[in-house]
Amino acid sequence: MLKPISPLTLLMISSLCSAEGISGFWQHPQDPIWIEVTATAGQGLVVRNDNDPSSIDFAVLKEVTTGNKKGRWAGQVFVPQLGNYKGVELSLPTADTLKMKVKIGFLTRSLEWTRVSEAPEMPPA
């Protein structure tokens, strides 16, 4: 006999499924940098950086959680120009575009990363 599913269970499953939408590998729009976002861990780690190989495993994103609106996430992103983490809103304008929007005072900056199937291997040294 089938048991009815509670609305709370459906909400939890829906939240988990939407969080998985940002999981995967993403390439920076201008620089040779690739990150892997793992929504269940709430983080995005550098998996390749041709400009600074020592940054591998650095957390570009942390504390990522499902946001207040559907298809939105919130967390902290490292802002290199400031040398620390700032609040970020994440969204998926398309299935292959991860938009990171940071507000600092009156300024807003957005960056759109592109989904890739995997990060390419590092070139031989």
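Two strands are taken to pair if DSSP finds at least two bridges between them, and helices (H or I, at least four residues) and strands (E, at least two) are DSSP runs numbered from the N terminus. The model described here is predicted, so that local features need pLDDT of at least 70 and side-chain atom pairs count only at pLDDT 80 or more, whereas totals for chains, interfaces and linings use all residues. Residues are numbered from 1 along each chain as its sequence is written, and side-chain values use heavy atoms, with hydrogens and water left out.

The secondary structure of the protein amounts to one helix and eight strands, which follow one another along the sequence in the pattern α-β-β-β-β-β-β-β-β. Of its 125 residues, 28% count as buried, where buried means under 20% relative accessible area, exposed over 50% and partly exposed in between (1.4 Å probe, protein chains only). The accessible surface comes to about 8300 Å², with 58% of it belonging to carbon and sulfur atoms; these areas come from the Shrake-Rupley method with a 1.4 Å probe, and for residues only the protein chains shown count as cover. With contact defined as heavy atoms within 4.5 Å, 30% of the contacts between residues at least 6 apart in sequence join residues at least 24 apart.

Strand 2 runs antiparallel to strand 3 (residues 43-49), to which it is joined by six bridges, and Thr38 has Gln43 in strand 3 as its bridge partner. The hairpin of these two strands has four residues between them, and in it Gly42 takes a positive phi near 70°. Strand 3 in turn pairs with strand 4 in the antiparallel sense over two bridges, the partner of Gly44 in strand 4 being Leu61.

In soluble globular proteins, nonpolar side chains tend to be buried together. A nonpolar core is defined as a set of buried Ala, Val, Leu, Ile, Met, Phe, Trp, Tyr and Cys residues joined through side-chain atoms within 4.5 Å. The largest such core has 20 residues, and those with the most contacts inside it are Ile35, Leu61, Leu90 and Met100. At least two residues of this core are supplied by each of strand 2, strand 4 (59-66), strand 5 (72-79), strand 6, strand 7 and strand 8. Leaving aside neighbours within four places in sequence, the contacts of Leu61 include Ile35, Val37, Val88, Leu90 and Met100.

His28, in the loop between strand 1 (24-27) and strand 2 (33-38), counts as buried because its relative accessible area is 12%. Its side chain reaches the backbone nitrogen of Asp31 at 2.9 Å, and beyond its neighbours within four places in sequence His28 is in contact with Ile33, Leu111 and Trp113. Ser91, in strand 6, is buried at a relative accessible area of 9%, and its side chain makes a polar contact (a pair of N or O atoms within 3.5 Å; within protein, one must be able to donate a hydrogen and the other to accept it, and residues adjacent in sequence count only if both atoms are side-chain atoms) with the side chain of Arg72 at 3.4 Å.

Aromatic rings of Phe, Tyr and Trp (its six-membered ring) pair if their centres lie within 6.5 Å, with planes under 30 degrees apart counted as stacked, over 60 as edge-to-face and the rest as tilted. By this rule there are three aromatic pairs. The rings of Phe58 and Tyr85 are stacked, since their centres lie 6.4 Å apart and their planes are at 20°. Because Phe58 lies in the loop between strand 3 and strand 4 and Tyr85 in strand 6, the pair ties together parts that are 27 residues apart in sequence. The rings of Phe78 and Tyr85, with centres 5.4 Å apart and planes at 70°, form an edge-to-face pair. Ring pairs thus link Phe58, Phe78 and Tyr85 into a cluster.
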